[in-house]
Amino acid sequence: MEKKPENCQVDDALGIIVGKWKPVILLYLLQEGTKRFSELKRQMPGITQKMLTKQLRELEDEDIIQREVYAQVPPKVEYSMTEYGRSLEPVLEAMHEWGAKHTARKVIKQDQVKSS
């Protein structure tokens with residue numbers, strides 16, 4: 001398949017996974033499996049309840065994650081990756097690796113500037 005710049009779908013893909021918390025949420029669910037809302041909140045102390053709810057709903061709307069509600073008192077809600085959502089794993093891994101290399105490159109560049 002030829003990738004023409006005028007048909008670029010990168011913006012569409014990034015629109016789904018970009019956000020301060022979405023990649024972190026996705027990596028927790030991919031690496032650690034099903035999580036309750038409170039578990040995710042505890043693992044991300046900087047996120048507000050409102051923001052976590054918003055990010056989870058957006059990912060659910062895109063069929064990346066699924067939300068399962070158990071009819072019990074108190075209510076129990078669990079989040080997990082959908083099969084479709086799991087297809088993001090190599091993309092997130094590649095982005096993580098590139099980000100780590102880029103960060104290391106920036107550190108080296110800053111050290112070179114300081115030593116000049």
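1. How many aromatic pairs does the count come to? The answer is zero aromatic pairs by the rule used here. Please keep in mind while reading on that this is a predicted model.

2. There is still a ring to look at, in a contact with a charge. Lys76 lies over the face of Tyr70, and the distance to the ring centre is 4.9 Å. That is well worth a glance in the viewer, since the pair meets the 6 Å limit for a charge over a ring.

3. The largest nonpolar core has 20 residues. Within this core, Ile25, Leu26, Leu52, Leu56, Ile65 and Tyr79 have the most contacts. Helices H2 (22–32), H3 (37–43) and H4 (49–61) each supply at least two residues of the core, and so does strand E3 (76–81). The largest share comes from H2, with four residues. As general background, nonpolar side chains in soluble globular proteins tend to be buried together.

4. Next, the largest pocket, which holds about 210 Å³ of space. Its lining consists of Val10, Ala13, Leu14, Ile16, Ile17, Ile64, Tyr84, Ser87, Leu88, Val91 and Met95. Helix H1 (10–17) and helix H6 (89–115) are the elements that give two or more residues to this lining. H1 gives the most, with five residues.

5. Which kinds of residue make up the lining of the largest pocket: nonpolar, polar or charged? The lining divides into 10 nonpolar residues and one polar residue, with no charged residue.

Terms used: Residues are numbered from 1 along each chain as its sequence is written. This is a predicted model: local features need pLDDT of at least 70, side-chain atom pairs count only at pLDDT 80 or more; totals for chains, interfaces and linings use all residues. Side-chain values use heavy atoms; hydrogens and water are left out. On a 1 Å grid over the protein atoms alone, a cavity is a set of points where a 1.4 Å probe fits but cannot get out, and a pocket is an open set with protein on both sides within 12 Å along at least five of seven lines; lining residues have an atom within 4 Å of a point. Grid points are joined across faces, edges and corners, and a volume is the space filled by probe spheres set on the points. Ala, Val, Leu, Ile, Met, Phe, Trp, Tyr, Cys and Pro count as nonpolar, Asp, Glu, Lys and Arg as charged, and the others, Gly among them, as polar. Rings of Phe, Tyr and Trp (its six-membered ring) pair if their centres lie within 6.5 Å; planes under 30 degrees apart count as stacked, over 60 as edge-to-face and the rest as tilted. A charge sits over a ring if NZ of Lys or CZ of Arg is within 6 Å of the ring centre and within 35 degrees of the ring normal. A nonpolar core is a set of buried Ala, Val, Leu, Ile, Met, Phe, Trp, Tyr and Cys residues joined through side-chain atoms within 4.5 Å. Buried means under 20% relative accessible area, exposed over 50%, partly exposed in between (1.4 Å probe, protein chains only).
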